[in-house]
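Q: I am new to this structure and would like to go through its sheets and helices. Could we look at it together?
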Amino acid sequence: MKIYNFNAGPSVLPETVIKKSAQAVIDYHQHGLSLLEISHRSKDFLEILEKTTNLVKRLMNLNDGYAVLFLQGGATLQFTMVPYNLMKKEAAYLDTGIWANKAIQEARKFGKVRIIFSGIEKNYSYISKNYHIPDHVDYFHCTSNNTIVGTQMKNFPISSIPMICDMSSDIFSRKLDFCQFGLIYASAQKNISSAGMTIVIVRKEILGKIKKEIPSYLDYKIHIKNKSILNTPNIFSIYTSMLTLEWIEKKGGISILEKENQQKAKLLYEEIDRNNLFENKIHKEDRSNMNVTFFLKKKHLESKFNETWEKENIVGLDGHRSLGGYRASIYNALPLESVQFLISIMKEFEKKFS
Ligand SMILES: *Cc1c(COP(=O)(O)O)cnc(C)c1O
């Protein structure tokens with residue numbers, strides 16, 4: 001049965017990736033063992049780890065100054081690890097959404113947080129382009145894509161302060177100069193793999209500048225030294241990441257995905273803007289190409305609309321529980337046809353109820 005999966009995370013993955021990863025769970029490379037049964041110190045896994053690391057470096061064009069880590073604890077643990085490793089006194093944060101705000105709450109436990117822009121008063125419906133990063137802060141933290149409200153940073157500031165970015169919901173979705181970042185983190189369950197693994201990409205030279213002792217699992221330097229196997233990593237999620245990254249490389253890399261993502265988002269926003277029954281509340285230039293949020297103008301039609309899309313095997317279209325409305329997450333692996341299908345449903349619904 002064809003399902004149109006607009007889930008926000010865990011979310012859609014390429015069909016070939018699911019098949020290969022399912023096969024590996026049954027029998028990894030015809031060795032007679034499941035991927036779930038092999039040691040994290042085995043040659044098989046060390047190969048997977050090396051391949052995945054190299055794919056990340058190649059796809060993102062990272063230079064040798066960067067280390068790639070595969071950790072656990074989600075992006076949520078990074079809200080703590082970042083200040084633990086990098087904050088001496090003060091850091092600058094952009095408050096562009098609910099996740100960004102959570103990162104701020106954690107950072108406050110380590111020092112002074114200077115919020116240099118907050119969109120909270122305007123329901124996070126836009127991202128300022130006029131904030132200023134003070135010269136004396138230890139780092140600057142931003143969220144490239146705000147998964148819940150549906151905004152995305154289209155530009156990043158130029159500054160000598162290390163730039164830390166939560167890319168959980170748009171990593172590998174568009175071409176960027178990734179070497180402009182001091183540290184990038186992304187939990188895997190949106191654009192990469194299964195939940196339970198977080199990719200951290202860090203420019204090594206920004207580490208080691210604070211004096212206090214850091215608990216081992218929270219210390220990036222110790223993970224780098226141990227090549228992501230300080231403890232038992234999430235073998236399954238790392239393997240599935242490798243498959244997704246191979247899929248991206250085979251397609252032609254991030255720039256191809258970027259074009260496809262732009263096309264999908266453009267079609268869907270055009271329909272929302274055109275359709276009499278729906279609206280999007282985000283400033284046009286800040287609209288996310290990954291999470292498209294929209295609302296019915298007439299709230300009493302909600303149950304009818306829900307009935308309509310649920311009947312058509314569309315899943316995951318509900319907005320985040322804190323916002324209501326609708327959210328179509330149109331990540332890398334979501335086929336164009338799924339967007340076209342949703343648009344056709346919205347058009348039909350308009351005909352019936354407008
Ligand atoms: C999903 C998400 C998170 C939280 O990720 P977990 O893996 O659940 O900790 C953090 N930041 C952003 C931008 C997200 O989309």
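Q: In what sense do β12 and β14 pair, and over how many bridges?
A: This is a predicted model. In it, β12 and β14 run antiparallel to each other and are joined over four bridges. Within this pairing, Phe294 has Tyr326 of β14 standing opposite.

Q: Which sheet do they belong to?
A: They belong to an open sheet of three strands, ordered β11-β12-β14, with antiparallel pairing. Because β11 and β14 (326-329) are at the edges and have a single partner strand each, one side of each is left without a neighbour in the sheet.

Q: What packs on that sheet?
A: Helix α8, residues 302-311, packs on the sheet and touches β11, β12 and β14. The direction of α8 makes about 25° with that of β14.

Q: Changing topic: what is the strand order in the sheet of seven strands?
A: The order is β2-β10-β9-β8-β5-β3-β4, in an open sheet with mixed pairing. At the edges are β2 (66-71) and β4 (112-118), each of which pairs on one side only. On average, neighbouring strands of this sheet are turned by 20° against each other, direction ignored.

Q: And how do β9 and β10 pair?
A: Strand β9 (residues 183-187) pairs with strand β10 (residues 198-203) in the antiparallel sense, over five bridges. Tyr185 is placed opposite Val200 in β10.

Q: Which strands does α4 lie across?
A: Helix α4 lies across β3 (90-95), β4, β5 (140-143) and β9.

Q: How do α3 and α4 pack?
A: Helix α3 (residues 74-86) packs with helix α4 (residues 98-107) at an angle of about 40°, and their axes are 9 Å apart. That angle makes α3 oblique to α4. Their crossing is right-handed.

Q: Which residues make the contact?
A: From α3 these are Thr76, Phe79, Thr80 and Pro83, and from α4 they are Trp99, Lys102, Ala103, Glu106 and Ala107. Of the residues in this contact of α3 with α4, five are nonpolar, two polar and two charged.

Q: One more topic: how many salt bridges are there?
A: The count comes to 18 salt bridges.

Q: Where do Lys129 and Glu285 lie?
A: Lys129 lies in the loop between β4 and β5, and Glu285 in the loop between β11 (278-279) and β12 (291-296), so the pair ties together parts that are 156 residues apart in sequence.

Terms used
Residues are numbered from 1 along each chain as its sequence is written. This is a predicted model: local features need pLDDT of at least 70, side-chain atom pairs count only at pLDDT 80 or more; totals for chains, interfaces and linings use all residues. Side-chain values use heavy atoms; hydrogens and water are left out. Axes are lines fitted to C-alpha atoms, for helices over the stretch in contact, and angles run from 0 to 180 degrees between N-to-C directions. Helices (H or I, at least four residues) and strands (E, at least two) are DSSP runs, numbered from the N terminus. Angles under 35 degrees count as roughly parallel, over 145 as roughly antiparallel, 65 to 115 as roughly perpendicular and the rest as oblique. A crossing is left-handed if the near helix is turned anticlockwise from the far one by less than a right angle, and right-handed if clockwise. Contact means heavy atoms within 4.5 Å. Ala, Val, Leu, Ile, Met, Phe, Trp, Tyr, Cys and Pro count as nonpolar, Asp, Glu, Lys and Arg as charged, and the others, Gly among them, as polar. Two strands pair if DSSP finds at least two bridges between them. A salt bridge is a side-chain nitrogen of Lys or Arg within 4 Å of a carboxyl oxygen of Asp or Glu.
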